[in-house]
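Dear colleague,

I am passing a structure on to you, and below it you will find my notes on what turned up. Please keep the model open beside them while you read.

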Amino acid sequence: MRSSLTLVGTLWAFLSLVTAVTSSASYFLPYWLFGSQLGKPVSFSTFRRCNYPVRGEGQSLIMVEECGRYASFSAIPSLAWQMCTVVTGAGCALLLLVALAAVLGCCMEELISRMMGRCMGAAQFVGGLLISSGCALYPLGWNSPEIMQTCGNVSNQFQLGTCQLGWAYYCAGGGAAAAMLICTWLSCFAGRNPKPVMLVESIMKNTNSYTMEFDRCLKP
């Protein structure tokens with residue numbers, strides 16, 4: 001089956017899929033920030049966390065060692081993290097859509113033209129920019145009470161205190177940077193230019209089809 005992508009376009013499709021999956025997986029994993037509370041390790045993403053305190057018998061705090069998302073959007077610890085959740089999620093969705101179309105272009109002829117590839121590259125740049133903006137917003141939420149309790153009560157905006165950034169944060173940022181810089185550039189050479197003969201044949205075929213339908217409608 002003939003591909004609508006060039007050799008560079010095939011590489012672009014592969015890298016688009018890798019960057020989209022990397023950024024999206026990192027978005028859902030609660031390993032953006034690591035700290036400790038009540039002697040137990042705690043980790044966060046934008047809308048999920050692992051290990052959280054609850055009131056036990058005698059009003060004492062005990063740690064529940066499990067991972068989960070916050071019960072509602074408003075329960076996310078800070079406004080900055082709420083914005084980060086929306087912006088990063090939108091960027092990941094955009095990268096996944098472009099990656100899906102790029103993979104389909106590997107096995108479908110005339111799906112992605114040179115101009116279409118460049119438009120998809122622009123969409124990748126926007127998606128990477130949204131994820132990068134989410135990563136930039138993330139440190140603004142480090143002054144919330146919930147984060148301060150985990151980071152030794154000394155954290156603040158852009159100050160981690162006793163916490164440290166997790167590998168998922170770096171993966172999300174790295175995937176976004178690769179999508180903006182590498183994939184966007186490769187997309188300029190991804191699609192094939194339509195051949196004039198094939199283009200004329202396609203136009204004639206569509207014209208004949210429309211003419212036949214029109215004649216059929218006119219017949220009593």
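In which strand is G35 found? This is a predicted model, and in it G35 belongs to strand β1, which covers residues 33–37. G35 counts as buried because its relative accessible area is 16%, and buried means under 20%. If we leave aside its neighbours within four places in sequence, G35 is in contact with K40, P41, V42, T150 and C163. G35 and G152 are 117 residues apart in sequence, yet their C-alpha atoms are 8.6 Å apart in space.

Next comes the interior. In soluble globular proteins, nonpolar side chains tend to be buried together. The largest nonpolar core here has 29 residues, of which W32, L33, F44, W81, Y138 and I147 touch the most other members. Two or more residues of this core come from each of α1, β2 (40–44), α2, α3 (114–137) and α5 (167–187), and α2 gives the most, with six residues. Not counting residues up to four places away in sequence, L33 touches a number of residues, including V42, F44, W81, Y138, I147 and C163. Another core lies apart from the largest one and has 10 residues, among them L5, V98, A102 and I112.

Finally, the surface. L17, V21, L96 and V103 make a nonpolar patch of about 290 Å², to which α1 (7–28) and α2 (79–105) each supply at least two residues. V21, which lies in helix α1, is partly exposed, with a relative accessible area of 44%.

With best wishes

Definitions and conventions
Residues numbered from 1 in each chain as written. Predicted model: local features only at pLDDT ≥ 70, side-chain atom pairs only at ≥ 80, totals over all residues. Heavy atoms only, no water. Patch = residues over 30% accessible without salt bridge, like charges linked within 9 Å, V, L, I, M, F, W, Y side chains within 5 Å. Areas by Shrake-Rupley, 256 points an atom, 1.4 Å probe, with all protein chains shown as cover. Salt bridge = Lys/Arg side-chain N within 4 Å of Asp/Glu carboxyl O. Helix = DSSP H or I, 4+ residues; strand = E, 2+ residues; numbered from the N terminus. Buried < 20%, exposed > 50% of the residue type's maximum accessible area, 1.4 Å probe, protein only. Contact = heavy atoms within 4.5 Å. Core = buried A, V, L, I, M, F, W, Y, C linked by side-chain atoms within 4.5 Å.
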